[in-house]
Amino acid sequence: MPKNSKVVKRELDDEIIESVKDLLSNEDSSDDAFKKSELMVDDQEEKDVDVEEGLDVEDERPAWNSKLQYILAQVGFSVGLGNVWRFPYLCQKNGGGAYLVPYLILLLIIGIPLFFLELAVGQRIRRGSIGVWNYISPKLGGIGFASCVVCFFVALYYNVIIGWSLFYFSQSFQHPLPWDQCPLVKNASHTFVEPECAKSSATTYYWYREALNISSSLSESGGLNWKMTICLLAAWVMVCLAMIKGIQSSGKIMYFSSLFPYVVLLCFLIRGLLLNGSVDGIRHMFTPKLDIMLEPKVWREAATQVFFALGLGFGGVIAFSSYNKRDNNCHFDAVLVSFINFFTSVLATLVVFAVLGFKANIINEKCVIQNSEKILRLLKMGNLSQYMIPHHINFSSITAEDYNLVYDIIQKVKEEQFDSLGLKSCQIEDELDKAVQGTGLAFIAFTEAMTHFPASPFWSVMFFLMLVNLGLGSMFGTIEGIITPIVDTFKVRKEILTVICCLVAFFIGLIFVQRSGNYFVTMFDDYSATLPLLIVVILENIAVIRIYGIDKFMEDLKDMLGFSPSQYYYYMWKYVSPFVLLCLLVASIVQMGLSPPGYNAWTEDMAMEEFHSYPTWGMIVCISLMVFAILPVPIVFMVRRCSLIDDSSGSLASVSYKRGRIIKEPVNLEGDNTSLIHGKSPSEVPSPNFGKNIYRKQTGSPALDTAPNGRYGIGYLMADMPDMPESDL
């Protein structure tokens, strides 16, 4: 801005105000509505201050109390249950330590750039997802609505997982833990172990029968599980109380919910490293299998994990960053939060494999003892000869190495009859190769390992309290991705909207606490978010880079950050990220088409999971979830394209931010919408019929009027100017 721009600004403003007053003097004194508009113009002139001149302005939009609180909120949102039970599973499945290479590459290519993009647009425009994309291009306003729908779908089942964690947390205050041993069944003659538990394990039985009381199929509802219904209600009450005041209440809770999981993970890591067999688990995790790295599915799963680990497309990232000051260094935030997320995943993986190594060692010891006893019986029966056994072998205290030596000898000597002997190879690696993820890892494998810990109730309490906190941190961001855009757009009270949203979600969420509820959780997890979020983020990239303009966006970043971002982001946003996202979208569609749609159902007779295809109505629900999630995008586009709703008369266009102050513009515009000033002097301007017209930025002074919402406060024109730009950050 030139040095004398402030003087020119004031002179032009004085002319505008004088012009308005001249016009007012010709109006009927009883025109109260127009007098209010005069007061609005004068009041705005007195209070409006140029941000770029560095003057203070009262900011009515809520703001974070500190930068630390904001960082913890973003970390709490991005670091969730997937870091604990999805990332370790992908490492185990996709080559151990070799999996970290494609993950890091894709984090740099799509993770950090897209995370930076969402942080930047939220911070610059200071609105939720609906307002941001409607502001950039009204035709793409459906992107924000699609984000809200996806957030709602995810919140429905994600809070159920928190409810499960609350149930296990409440059951952990007893010794021994209730899932430590199989229950006994008594009849008239004798007592025996529950057959379903004997066929599986104590922790598996407790999860499926005691906790979920699961039905045998999706179609068999079985009624509500009242224990889980109460836990779900408690989870929604916790979320509601934490979110009811917005970031003023949730921000303070972030100090505990975001930091406590790290304390627990570090405690588990230290304790796990002291356990027998933990080193075997960590060695197994970091032993790279480089040949697997060349498989396309490894890169697809790494890209998907990067995508969902940072919470891209949900709207929570945009919502949290919208409460920042415009000069906040969001580039630093993007890099910091992304790498905190990555190192948290690595830390959780170390903990998981240390504990799984301990568990595998215990199972391996049992295997050695059982098969050693079987060898002794075969020796007594004469099926095996004593000369086959090395002299130094002592079966009363045999080690895993000695057993494997005997096993190899018997296998070579009795090659033809070996299968009939029924001996098993007891290898720790075989147990560690059994990939376990999701609820199976948290509520079955991990709980079984903790039963062997000294002071197992304490560790169980800590573990499930950690899961609750991880879940709540992600839920805060997910709910914020729903509440903030709606409050910004429709100007409803946040407290009322939060309570209504939580109540509606709880009652819809009752389908997840039926006896068949676990199958619905799987359905929503597979179909409600993956493809819709990919489409949303692709459209976000296109909206900023193509519709708004990459060059203009880079200039806005320079103005906001105080320095020019690296050209690396320019090429990532413009070329690489859209290409990678499109490839990921195509790969996900192909994978979904090749994989038979279905779920794993628990069969009581066999005490194991069995794959079931979805019934016809189940397939309709799956398809409907994807369609409803992305439907707002074409609907809003067609409504705007065909001008079915006037942009200036709807609620979407009636709210704007002026340096953090929310301005509610009057609607129901009437009268002459021609230009009031157009650079003419007051005497040259005719006296139109004003009615309830509002004033808007003057197009006749391009040197100063650089923002469509008139942020420099230099003159206003009537609404609905045809040359009015649709968007400007």
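**Exercise 1.** Find the link between C182 and C197, and work out which parts of the chain are tied together.

*Solution.* Keep in mind that you are looking at a predicted model.

Step 1: The sulfur atoms of C182 and C197 are 1.9 Å apart. A pair counts as a disulfide when the sulfurs are within 2.5 Å, so this pair qualifies.

Step 2: C182 sits in the loop between α8 and β1 (184-186), while C197 belongs to helix α9 (residues 195-199), so the bond ties together parts 15 residues apart in sequence.

Step 3: The angle about the S-S bond is -80°, and the link of C182 and C197 is left-handed.

Step 4: Compare the surroundings. C182 is partly exposed, with a relative accessible area of 22%, whereas C197 is buried, at 1%.

**Exercise 2.** How many disulfides does the structure hold, and in what pattern do they follow along the chain?

*Solution.* Step 1: The structure holds 2 disulfides. Besides the link from the previous exercise, C367 and C426 form a disulfide, with sulfur atoms 1.9 Å apart.

Step 1: C367 lies in helix α16 (residues 330-381) and C426 in the loop between α18 (418-421) and α19 (428-432), so this bond joins parts that are 59 residues apart in sequence.

Step 2: The torsion about the S-S bond of C367 and C426 is about -75°, so this disulfide is left-handed. Both C367 and C426 are buried.

Step 3: Counting bonded cysteines along the chain gives the pattern 1-2, 3-4.

**Exercise 3.** Where around the axis of helix α26 do its buried residues lie, and what do they pack against?

*Solution.* Step 1: Helix α26 (residues 616-630) has 15 residues. From first C-alpha to last, α26 reaches 22 Å, close to the 21 Å expected at 1.5 Å a residue.

Step 1: List the buried residues of α26: G618, C622, L625, M626, A629 and I630. They cover an arc of only 115° around the axis, which means that they are on the same side of α26.

Step 2: Recall a rule about helices. An α-helix has 3.6 residues a turn, so residues three or four places apart point the same way.

Step 3: Now turn to the face of α26 away from its buried side, where you will find the exposed residues T616 and I620.

Step 4: The buried residues of α26 pack against α8 (142-171), α23 (517-527), α24 (530-561), α25 (567-594) and α27 (632-641).

**Exercise 4.** Which residues does Q514 touch, not counting residues up to four places away in sequence?

*Solution.* Step 1: Find Q514 in the loop between α22 (494-508) and α23.

Step 1: With that exclusion, Q514 touches S221, G223, L224, N225 and F520.

Step 2: Zoom in on S221. The side chains of Q514 and S221 make a polar contact of 2.6 Å.

Conventions
Residues numbered from 1 in each chain as written. Predicted model: local features only at pLDDT ≥ 70, side-chain atom pairs only at ≥ 80, totals over all residues. Heavy atoms only, no water. Helix = DSSP H or I, 4+ residues; strand = E, 2+ residues; numbered from the N terminus. Expected span 1.5 Å × (residues − 1). Buried < 20%, exposed > 50% of the residue type's maximum accessible area, 1.4 Å probe, protein only. Arc of directions from axis to C-beta. Contact = heavy atoms within 4.5 Å. Polar contact = N/O pair within 3.5 Å; in protein donor to acceptor, adjacent residues only side chain to side chain.
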